[in-house]
Amino acid sequence: MSLLRDNNSKRERTTDQISMDCGGERLEFSDDCTQLIFNQLQDVAEVHKYLLLNKMKTNFDTNPRWVSKKKYEDTLQDLQNEKSNHEETQSLLQAEKLRREFAECEVEILKSQIDRERQRYEECIERLKAKASEESLQKKQIESECSAIAYERQQKDDQVHLNEAKIKQLKGRLSRQKQNQRQRQDEANIRIQQEEYINRMMVQKNAKR
């Protein structure tokens with residue numbers, strides 16, 4: 001309120017007379033009364049101004065829409081730094097994106113190579129399977145032919161053994177026949193010799209007569 005008093009002491013306004021209407025009657029005030037009213041009005045205005053400034057200061061301190069210059073400059077600097085960091089991050093992100101695209105390209109190339117290698121491997125496996133199947137079939141055919149040959153050989157061996165047995169049997173019969181024939185021949189020779197001897201004796205006996 002001392003501020004208000006000082007302001008009151010500095011006011012230098014003079015009014016000869018103030019008149020106003022009040023209930024249809026015109027009231028007139030003396031110079032002293034007028035000065036008092038004027039001073040009170042001035043006091044009310046100063047109080048209004050003081051309260052308004054305090055309210056503005058309070059709003060400035062508490063309302064987030066009001067910022068100080070330093071805070072604004074700090075915020076602006078932070079924004080610039082953030083923008084710089086963002087640009088750096090974008091640059092790093094772009095570089096990382098390029099590296100990723102390059103890596104993906106390499107992966108695609110390696111994938112294509114692996115697919116071609118797998119295809120060649122599968123084709124080679126299929127050829128080997130076909131060859132193995134063909135060789136297995138040939139082996140079975142050869143085994144079947146060998147079995148047939150072995151069976152035929154066994155049959156021939158059995159026939160040879162049978163023929164050898166027959167030949168041996170025939171040789172035995174022939175040997176016995178030859179022996180019997182020699183025996184009969186010997187007997188026949190003996191009979192002939194006996195008959196000749198008898199004939200000679202009879203001839204000699206007849207000759208003596």
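Select R99 and E96. The two form a salt bridge, with their closest N and O atoms 2.5 Å apart. Keep in mind as you look that this is a predicted model. Why can such side chains pair? Side chains of opposite charge can do so when their charged atoms come close.

R99 and E96 are three residues apart in helix α3, so about one helical turn separates them. Colour E96 by accessibility. Its relative accessibility is 43%, which means E96 counts as partly exposed.

**Next stop: E104 and R100**

Select E104 and R100. Here is another salt bridge, and its closest N and O atoms are 3.7 Å apart. Look at the spacing along helix α3. E104 and R100 are four residues apart, so they too are separated by about one helical turn. Buried or exposed, or in between? E104 is partly exposed, at 43% relative accessibility. R100 is also partly exposed, at 47%.

**Further along: E152 and K156**

Move on to E152 and K156. Their side chains meet in a salt bridge, at 3.6 Å from N to O. Both residues lie in helix α3, four residues apart, about one turn of the helix. E152 has a relative accessible area of 43%, so it is partly exposed.

How many salt bridges does the structure hold? There are six. The pairs on this tour are among them: R99 with E96, E104 with R100, and E152 with K156.

**A nonpolar stop**

Select Y197, I198, M201 and M202. Together they make a nonpolar surface patch of about 410 Å². M202 is found in helix α3, which covers residues 69-208. Its relative accessible area is 48%, so M202 is partly exposed. A patch residue needs over 30% relative accessible area.

**Zoom out**

Show the whole protein chain as a cartoon. Which elements does the chain have? It has three helices and two strands. Trace them along the sequence, and the pattern reads α-β-β-α-α.

The accessible surface of the protein chain comes to about 19,600 Å². Carbon and sulfur atoms account for 54% of that surface. Now colour the residues by burial. Buried residues make up 3% of the 209 residues in the chain.

Finish with contacts. Take those between residues at least 6 apart in sequence. Of these, 32% join residues at least 24 apart.

Terms used. Residues are numbered from 1 along each chain as its sequence is written. This is a predicted model: local features need pLDDT of at least 70, side-chain atom pairs count only at pLDDT 80 or more; totals for chains, interfaces and linings use all residues. Side-chain values use heavy atoms; hydrogens and water are left out. Patches are made of residues with over 30% relative accessible area and no salt bridge: like charges are joined within 9 Å, nonpolar side chains (Val, Leu, Ile, Met, Phe, Trp, Tyr) within 5 Å. Accessible areas come from the Shrake-Rupley method with a 1.4 Å probe; for residues, only the protein chains shown count as cover. A salt bridge is a side-chain nitrogen of Lys or Arg within 4 Å of a carboxyl oxygen of Asp or Glu. Buried means under 20% relative accessible area, exposed over 50%, partly exposed in between (1.4 Å probe, protein chains only). Contact means heavy atoms within 4.5 Å.
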